[in-house]
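I open this notebook to record what I looked up in the structure shown below. The entries follow the order in which I made them.

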Amino acid sequence: MEVKTSLLDNMIGVGDMVLLEPLNEDSFIMNLRNRFDHNEIYTYIGSVVISMNPYRSLPIYTPQKVEEYRNRNFYELSPHIYALADEAYRSLRDQDKDQCILITGESGAGKTEASKLVMSYVAAVCGKGQEVNKVKEQLLQSNPVLEAFGNAKTMRNDNSSRFGKYMDIEFDFKGDPLGGVISNYLLEKSRVCKQPRGERNFHIFYQLLSGASDDTLMKLKLDRDFSKYNYLSLDSANVNGLDDAASFRTVRNAMQIVGFMEAEVQSVLELVAAVLKLGNIEFKPESRVNGFDESRVKDKNDLKEMCELLGIEQSVLERAFSYRTVEAKMEKMSTTLNVAQAYYARDALAKNLYSRLFSWLVTRINESIKAQAKTRHKVMGVLDIYGFEIFEVRDNSFEQFIINYCNEKLQQIFIELTLREEQEEYIREDIEWTNIEYFNNAVICDLIENNQNGILAMLDEECLRPGTVTDDTFLDKLNTICAEHQHFESRLNKNSKFLTDHSLPHSCFRIQHYAGKVLYRVEGFVDKNNDLLYRDLSQAMYKATHSLMRQLFPEGNPAKVNLKRPPTAGFQFKASVGVLMKNLQTKNPNYIRCIKPNDKKVAHIFTDSLVCHQVRYLGLVENVRVRRAGYAFRQPYESCLERYKMLCKKTWPHWRGPARDGVEVLLTDCSVPTEEFAYGRSKIFIRNPRTLFTLEERRRACLEDLATLIQKIYRGWKSRTHFLLLKKSQVVVAAWYRRYAQQNKYQKIKSATLVMQSFIRGWKARNILRQLKYEKRCKEAVTTIAAYWHGTQARMELRRLKTEARNKRAVSVIWAYWQGTKVRREYRKFFRANAGKKIYDFTIQRIMQKYFLGLKTTTMSPMDNSWPAKPYGFLEGAHTQLRRIFHLWRCKKYRGQFTEEKKAVYEEKLEASEIFKDKKALYPSSVSQPFKGDYLEIQKNPKYQKLNSAMEEKVLLADLVNKINRANGKGSPRLFLLTKSNFVLADQKTGQVKASVPLPDLASVSVSTQSDGFFALKLKEGSASASKGDFLLSSEHLIEIITKLHRIGTTAADRDQINIDISDEFLVQFKQDKVCVKFIQGGPKNGNSAACKRKNNRLLEVSVPSP
Ligand SMILES: Nc1ncnc2c1ncn2[C@@H]1O[C@H](COP(=O)(O)OP(=O)(O)O)[C@@H](O)[C@H]1O
Ligand SMILES: [Mg+2]
């Protein structure tokens, strides 16, 4: 929630003078002083801001402050210039009302600073962006340029503006700045030629001389030494805290930012230099024949240099300082100038040159900063103009008169606008308008500006009048015409009441301004109003080649010679003030009233008399009165209700319903007298500040109670929350602790249990172990005892047996010995001659006997190769012979058992061995296979019945063979039958005879050396069967087939032996062709059997797996 603050919070004194009770000058000043002492330099009178110059930098212009005041209501925060700037800017932006900010006050009161603060605030809060920032920068940078040329050090202010300034800042509909227009008023040009004691000429002269480079100074024909120039007063040429050289750089920089060309800057500086040179031109009298003195330029060097700077012909200017041309009735007359007149002319030229340069600068700046867009602008004007000037010690002169006239006009506008606004608000709020009594200064304005008999009109009349015109004639005129005016006082008045007033000198008149009486000395009024520059001079200036001169002195154009006098200073000023007033009247005014707390330009000092003087002439008390004339204080219902609702039970803490009703209830409840307030449409109006303060007082008391209540509730809430938190925490802590304790306990029990368990288990295990160990020991003991016992038994038995055996042996030995002894004893007598031979024979006989008995163990199988080892070396020969004989006998015996068939079988086997042994690798595998002959059981198998009957002879062999096809090397199964006289090949399935070859036609058989079953049956050439070609066959029973074929050949007496050719390469005659069959080992593996492949037409290759 946003905190609603108010101006009324933490007030030091009263922040708004409208609330001052009682209201008088003393209390007003007391309040200002009180606030000033507490660094509160700003105080309001309604919406007017009073600003006291603190003469030191206060930390109240920071960016944070800008933020604080941004978009806040005027009365929400303590008084500040930012509040006014914000209010003005927001109503400009949001309500589309053009604004003007009128800053008034004495010299040194802080007007210029205030105007800069306003501008910087607006710059800070308005829109941003590259273009906008450039505009802002140009607007802000116009200040240093104008200050350099228009400000000077005075007794009252080290940086006093010597011109009035009004600046219109233009904004677009969004509130972004577009540009600006500056108007300047009445530059104090007399300062160019002469400065009062302790004051300086305009800053730019000093800045140029201190800050410009040597080169620039040479070009400008200047010398750095201030003392070389008559126009620069020497005392206080250097001001504490002012760095002219640095300022010069700032000014050059600012000129660049504002948009001055380098050449323009140069021209401006040349004019400044020319003014300095002009001041150095001196004159001497030269006597003429007619007795008059004629002035002559004393030292022409400065004149020469000045003419060079401006591009003027030296002689022309020189002449202009000695003569002047007077034109009357189309006649030109040349009169000489005396020295005094020459000096007058010189100074007039210098003043005009400088003031016109200043105006040119303003125009030039305006050209730069003027808004580009042609759309409608919103405007905020800032008026930084001199306040009332009343010199008590010094004479008030024409300048003060003009200035005070301007202030009178401003007061007029203030009254008009303030009252108008007040009246408008009353109407808006539907409050009855009570006539406000105030002093209207229109009558004073009329005294000065009335076109017929106003002071300014009379001065002009006097100036234009032919004949001798002096200040005194002017005063006389005033005395006659204004005599009756109640605000005009003069000693020589027809109105005799001032005749004896000694405070009013004869050469003076006094005006009762709204802010007080001011005494003016008439001396110089006519001259200053005339502001005369001899035409010869302005024409000389016009002729100059310098780029600016024609613009500055347009009246010097001979083509435009105009006999009419130029408008007087008073007339010009009145006109420009008129324009300004018109301008201001269209805008919503915002006032800043600056007050200077002391004369010493120091901080912390508050001089009552000085402040009182200013308060008086600024008419501030008057201001408060006007403001308070109706109702002193007003506030929207909402904020009033918000602020005071705690004073009434019905509105506190919340009022439901319209705020106005709430306020009504509230005020009735607080028993505020009804005449003290009025209800507007949106605001409550309070007549007397006292009422407001009573409300404030009650509010403060109530706030204390509320604070206590809030504290109480807050403390209660805090303690309760704290307690609840503690309680909650306690539960959590307790739960955690209990859990922890139980966990610990459980862990302890668990580990104790484990310990106990392990102890018990250990104990049990040890018991069992002990038991088992005991049992084992018992078992071992039993075994051991048994073993020992058996051992003992066995040993005893053994011992017994041993003893027995020994005994037996001993008996036999003894018996043998005894026998021997006996025999020897008996036969000793016989043995003597042939006992040795007999013993030998006997021994040999015994050995042979034993040997032959040992041979009985051998078996009768001819396959048995075993034979007992020879027992003695001497039996060697007999032993082998016996073995051979025995084997042969054994074989004969075996053979003797054979039948005729078996014999034939063995013969066949023998024959096979003779043919194939060590010649064909297939052979060894066939040894163990008996030759069955008929593998097909051709006689018994009904399938072959037909075939069998076709055979004339006994079938010796019937088998299934593969007939190798010459074309692809593949085999096709055939039945192969062999009889004593022929062999037959028949179809396997049908038994159809395919070929029957008589054996005599068979020439030879070819087989390989390897373990394959291929064989070729080659037929005799020329035989009957040969036409069919040879047969290449393969059979599992190759050995048997070939053996049988061979055997038939051997047994048949009528035939040749069949040739058996064993070779790995042989030729086979297929019908016409001879094909070579070649056997290779380890060809591609095709199972375990050999595979035949046709290589080409003439070659069949049989690969035989490696064994
Ligand atoms: N708000 C302020 N804070 C600090 N110093 C200030 C303030 N206003 C004015 N001054 C001081 O007072 C001097 C004179 O102020 P200035 O605005 O030039 O007066 P004026 O324009 O009214 O003659 C400034 O140079 C500055 O030192
Ligand atoms: Mg100023």
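**Entry 1: backbone.** I began with Leu186, whose place is in the loop between β7 (177–185) and α6. Helices (H or I, at least four residues) and strands (E, at least two) are DSSP runs, numbered from the N terminus. Leu186 is not a glycine, yet I noted a positive phi of about 45 degrees for it. I then looked up the cis peptide bonds. One runs from Glu21 to Pro22, with omega near -10 degrees, and Pro22 lies in the segment before α1 (25–37). Trp652 and Pro653 are also joined by a cis peptide bond, with omega about 0 degrees. I placed Pro653 in the loop between α23 (637–644) and α24 (659–669). For context, most residues other than glycine have a negative phi, and most peptide bonds are trans.

**Entry 2: conventions.** The model is predicted: local features need pLDDT of at least 70 and side-chain atom pairs count only at pLDDT 80 or more, while totals for chains, interfaces and linings use all residues. Residues are numbered from 1 along each chain as its sequence is written, chains are lettered from A and ligands numbered from 1 in the order in which they are written, and side-chain values use heavy atoms, with hydrogens and water left out.

**Entry 3: ligand 1.** Which residues come nearest to ligand 1? I found Asn53, Gly108, Lys111, Thr112 and Asn157, of the 16 residues around ligand 1 (a residue is near if one of its heavy atoms lies within 4 Å). The shell divides into four nonpolar, eight polar and four charged residues (Ala, Val, Leu, Ile, Met, Phe, Trp, Tyr, Cys and Pro count as nonpolar, Asp, Glu, Lys and Arg as charged, and the others, Gly among them, as polar). Helix α4 (residues 111–125) gives the most to this shell, with three residues.

I next recorded distances from oxygen atoms of ligand 1. A backbone N or O atom of Gly108 lies 2.6 Å from one. For a polar backbone atom of Lys111 the distance is 2.8 Å, and for one of Glu113 I noted 2.8 Å. Taken alone, ligand 1 exposes 550 Å², of which the protein buries 84% (Shrake-Rupley method, 1.4 Å probe).

**Entry 4: two helices.** The axes of α6 (residues 203–211) and α9 (residues 262–280) come within 11 Å and cross at roughly 105 degrees (axes are lines fitted to C-alpha atoms over the stretch in contact, with angles from 0 to 180 degrees between N-to-C directions). Therefore α6 is roughly perpendicular to α9 (65 to 115 degrees). Ile204, Phe205, Leu208 and Leu209 of α6 meet Leu269, Val272, Val275 and Leu276 of α9 in this contact (heavy atoms within 4.5 Å).

How values were computed. A polar contact is a pair of N or O atoms within 3.5 Å; within protein, one must be able to donate a hydrogen and the other to accept it, and residues adjacent in sequence count only if both atoms are side-chain atoms. Angles under 35 degrees count as roughly parallel, over 145 as roughly antiparallel, 65 to 115 as roughly perpendicular and the rest as oblique.
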